[in-house]
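Here's a short tour for anyone meeting this model for the first time. Have a look at it, then read on.

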Amino acid sequence: MDLTRFFPPAVHNALSYPPPGSWMPPLPPGVIRLSAGYPFPESVPAEDLARAVRDLVAAEGDLPFHYLGSPSMQRLAALLAARLTARGLRVAPEGLLVTAGAAQALDLAARALLGPEDLVAVEAPTYMEALEIFRNYTAHIVGYPVDEEGLQVDLLEEDLQRRRRKGKPLPRLLYTVASFQNPTGAVLSLSRRRRLLELAETYDFLILEDDAYGELSFGPPPVPLKALDTRGRVIHVGSLSKVVAPGLRIGWAVAEPALLSAMAVFKKDLDHPFAWAVAAQYLSGVDMEARVAALRKAYRERRDVMLASLKREMPAGVSWTEPRGGFFVWLRAPGVDTAALLPRALEAGVAYVPGKYFFFEEGPGQDCLRLSFSYLPSEALQEGVALLAKVLRQ
């Protein structure tokens, strides 16, 4: 019996692409994971989180383990809102929807806004999981190039003008990782941020701002797009995954109340009372400003090690970005098919993410790859870059 005949068109569209995560074959034991875009293990405050759990249970007993949650759970939105307000977002607790990580926030925004015929604009390249989410709702995606100043807004504007002139569909939603982009590490300049907001008003689309790395700046932090938004065009998405612990699955969306209400309609996970309460207990007892400052220093040191290793080891013709924050370096090796090269790299003992998977269409990114400096210690970063350079030279 062919059960696929029961699937709606959106499911058939999603299934026409490779399954999520299928781009990375099984990793051999001991491989150096320059592919891992994770916080480094020592950055996770395991002891502080354990203390938060003990204090929470001592104060509230069984309450955090029930559907209705606890007083600490109810405090989480206000604590998150206060942190965002300090970054210039001017958000009240009722203007914030707590989600199971940033991924759920992206999914809820897409579900609330996109129909099968709607057009989504993305950066090219962009975060691969976001592409997977959008493909679940529409087959219509258009990409615009990224340079060292982020999304090339001038090219976006030219295409919007052309689309309007020819009566072609305009995007309903534009997705951007404006600060320390995944995968390139680029930062959308302030002038481009302002112009992007103007274009959203002129051409009547919304902006989905993924701010996963926005706090991890190695210099003055960029202004979030939402902090510049005076017309309610920006849906700001973030999480505690990069600054506390990804396993907590604490994320959020900040948007206009009507949109948050629509997203909440589709949020059928019954919340996560224990994780919310633990996160609130932790945030109430930690100096997050000092913690984020320490993380910035640690990630900057790792970035510097990777950049120095690339400069020392890479063959002529290979180029790479020099990120000012975040987790990633984007490398280009002209003439090399990085997806085809991956099995040889794994055999040599190093893993990376081929560049083609950060594009919604076949063709672009074939000679690019993403490296992460966030997860490994300095010695492993140096060894991994040396192994990768050797494979590229061969």
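Which unit do E6, helix H7 and E7 make? They form a right-handed β-α-β unit, with H7 covering residues 190-203. Right-handed here means that, with the strands pointing away from the viewer, the path from the first strand over the helix to the second runs clockwise. Helices (H or I, at least four residues) and strands (E, at least two) are DSSP runs, numbered from the N terminus.

A quick note on the source: this is a predicted model, where local features need pLDDT of at least 70, side-chain atom pairs count only at pLDDT 80 or more, and totals for chains, interfaces and linings use all residues. Residues are numbered from 1 along each chain as its sequence is written, and side-chain values use heavy atoms, leaving out hydrogens and water.

| Strand pair | Bridges | Direction | Facing residues |
|---|---|---|---|
| E6 (residues 173-176) and E7 | four | parallel | Tyr-175 and Leu-208 |

Leaving aside residues up to four places away in sequence, Val-243 touches Glu-215, Leu-216, Met-288, Arg-291, Val-292 and Leu-295, where contact means heavy atoms within 4.5 Å.

How values were computed. Pairing = 2+ DSSP bridges.
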